Amino acid sequence: MDLAARKYRLIERLTNLVSAEKLDKIEQFLNKEIFEDELPILTQEQKDLLDERLANHKSNPNTGKNWNTIKSDLSKYAS
């Protein structure tokens, strides 16, 4: 579904909304400024680093740490 169709569907659903409580929740969500049209911009240096890391992972997929090990390591700093 393209962006225009998704927006139309959302507007249609909002138009048919009958619950004031649900509308309040939607308004609270929107008021938190979550919908910013600008995405964070990566510098060329950051893009190059990500490309390098991805290439390294593809050539050596079994190196590195698994997620449980990373979480365990990070939990040591949270104490």
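Predicted model: local features only at pLDDT ≥ 70, side-chain atom pairs only at ≥ 80, totals over all residues.
Helices here are DSSP runs of H or I with at least four residues, strands are E runs of at least two, and both are numbered from the N terminus.

View 1. Residues are numbered from 1 along each chain as its sequence is written, and side-chain values use heavy atoms, with hydrogens and water left out. Buried residues (under 20% relative accessible area, with exposed being over 50% and partly exposed in between; 1.4 Å probe, protein chains only) make up 0% of the 79 residues.

**View 2. Here's helix H2, which is hardly covered.** Of its 12 residues, the buried count is 0. From first C-alpha to last, H2 reaches 16 Å, close to the 16 Å expected at 1.5 Å a residue (the expected span is 1.5 Å times one less than the number of residues).

**View 3. Leu10, Leu14, Leu23, Ile26, Phe29 and Leu30 make a nonpolar surface patch of about 480 Å².** Patch residues have over 30% relative accessible area and no salt bridge, and nonpolar side chains (Val, Leu, Ile, Met, Phe, Trp, Tyr) are joined within 5 Å, like charges within 9 Å. A salt bridge means a side-chain nitrogen of Lys or Arg within 4 Å of a carboxyl oxygen of Asp or Glu. Areas come from the Shrake-Rupley method with a 1.4 Å probe; for residues, only the protein chains shown count as cover. Helices H1 (3–15) and H2 (20–31) each give two or more residues to the patch, and H2 brings the largest share, 4 residues.
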